[in-house]
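Here is a short briefing to read alongside the model. Keep the viewer open and follow the topics one by one.

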Amino acid sequence: MTFKNIFSKDGTKILILTLLAVLVSVAAYLWFITTPSFALFETWVQGNVVLFYVFLVLTKTLGVVWPPLPGNLFTLASIPFLGWFTAYTADFVGSMLGSSLAYFLGKKYGYTFINKIFSADMEKKIKSINVKQNREIESVFVLRMLGGGTIMEAVCYGAGLLNIKYKNFLIGSVLSHILFGVPLFLLTNQLFSTKNIVMTGIWIIVPIFILWKIKGRYFE
């Protein structure tokens with residue numbers, strides 16, 4: 001199985017899941033501001049910023065370690081209350097903590113542990129990834145950018161088993177999160193303000209499409 005085969009079924013879900021997370025967050029916010037609870041919650045957040053921030057980080061961390069938990073929805077939905085940059089840093093910190101925890105859990109407990117968290121065919125998908133020598137950072141970068149959903153979390157768990165050094169895994173993870181996360185949070189912030197769904201979708205789709213076209217440089 002090649003890299004292309006891995007994402008032949010899951011690849012089309014990447015953009016859908018990303019856009020869905022954004023749209024659900026915006027829709028929930030637009031509904032929430034019409035309720036009496038909005039003013040109370042906004043006041044609470046302003047008085048408990050640190051506590052709310054810690055909650056977001058922990059939620060994002062758990063969302064990576066335990067994929068069914070939608071950590072992105074919480075951080076994206078917090079943009080109107082914290083601003084896009086603070087919300088992004090919470091997502092970034094939680095993502096790196098969760099990814100690191102998943103890396104070491106996968107490395108220590110192996111595929112038996114991974115199979116308990118993901119679908120039965122995830123072990124085969126991970127084993128089918130052939131990372132080119134001296135391309136570990138770039139490979140992690142592309143996998144995380146294109147993986148989306150459970151594939152991305154599975155890569156975190158399987159990176160150690162693919163003989164990817166933790167340092168390279170972390171660098172690739174940081175770079176991919178910054179390149180994808182900053183525009184996503186900026187555009188989501190813009191969407192909260194202008195509700196221009198079409199433009200937001202275009203700016204999310206274009207960079208992912210470019211990475212999809214060049215993925216062959218990093219995988220065998």
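This is a predicted model: local features need pLDDT of at least 70, side-chain atom pairs count only at pLDDT 80 or more; totals for chains, interfaces and linings use all residues.

The chain has 11 helices and zero strands, so its pattern along the sequence is written as α-α-α-α-α-α-α-α-α-α-α, following the DSSP runs. Of its 220 residues, 45% count as buried. The accessible surface comes to about 11,400 Å², and carbon and sulfur atoms hold 68% of that area.

**Nonpolar cores**

- The largest nonpolar core holds 21 residues, and Ile114, Ile126 and Phe169 touch the most other members.
- Two or more residues of this core come from each of α3 (49-65), α6 (84-117), α7 (122-127), α8 (136-147) and α9 (149-158).
- Helix α9 is the top contributor to this core, giving five residues.
- If you select Ile126, leaving aside residues up to four places away in sequence, you will find that Ile126 touches Tyr111, Ile114, Ala154, Gly158 and Leu162.
- Another core, of 17 residues, lies apart from the largest one, and its members include Phe52, Val57, Phe185 and Phe192.

**Helix α3, inside and out**

- Helix α3 has 17 residues and spans 25 Å from its first C-alpha to its last, close to the 24 Å expected at 1.5 Å a residue.
- The buried residues of α3 are Phe52, Leu56, Val57, Thr59, Lys60, Thr61, Gly63, Val64 and Val65.
- Val50 also has its place in α3, but Val50 counts as exposed because its relative accessible area of 64% is over 50%.
- Together with Val54 and Leu58, Val50 forms a nonpolar patch on the surface, with about 280 Å² of accessible area in total.

**Salt bridges**

- Side chains of opposite charge can pair when their charged atoms come close.
- The count for this chain comes to two salt bridges.
- One of them joins Lys60 and Asp91, with the closest N and O atoms 3.4 Å apart.
- This pair links distant parts of the chain, with Lys60 in helix α3 and Asp91 in helix α6, 31 residues apart.
- Both Lys60 and Asp91 are buried.
- Glu138 and Arg135 also meet in a salt bridge through their side chains, at 3.9 Å from N to O.
- Glu138 counts as partly exposed because its relative accessibility is 29%, and Arg135 counts as partly exposed because its relative accessibility is 28%.

**The loop between α9 and α10**

- Where does Gly160 sit? Gly160 is placed in the loop between α9 and α10.
- Is Gly160 buried or exposed? Gly160 is buried, because its relative accessible area of 4% is under 20%.
- Not counting residues up to four places away in sequence, Gly160 touches Tyr103 and Lys107.
- The C-alpha atoms of Gly160 and Lys107 are separated by 4.9 Å, although the two residues are 53 residues apart along the chain.
- Asn163 lies in the loop between α9 and α10 (166-194), and Asn163 is exposed, with a relative accessible area of 62%.
- Most residues other than glycine have a negative phi. Asn163 has a positive phi, near 65°.

How values were computed
Residues are numbered from 1 along each chain as its sequence is written. Side-chain values use heavy atoms; hydrogens and water are left out. A nonpolar core is a set of buried Ala, Val, Leu, Ile, Met, Phe, Trp, Tyr and Cys residues joined through side-chain atoms within 4.5 Å. Buried means under 20% relative accessible area, exposed over 50%, partly exposed in between (1.4 Å probe, protein chains only). Helices (H or I, at least four residues) and strands (E, at least two) are DSSP runs, numbered from the N terminus. Contact means heavy atoms within 4.5 Å. The expected span of a helix is 1.5 Å times one less than its number of residues. Patches are made of residues with over 30% relative accessible area and no salt bridge: like charges are joined within 9 Å, nonpolar side chains (Val, Leu, Ile, Met, Phe, Trp, Tyr) within 5 Å. Accessible areas come from the Shrake-Rupley method with a 1.4 Å probe; for residues, only the protein chains shown count as cover. A salt bridge is a side-chain nitrogen of Lys or Arg within 4 Å of a carboxyl oxygen of Asp or Glu.
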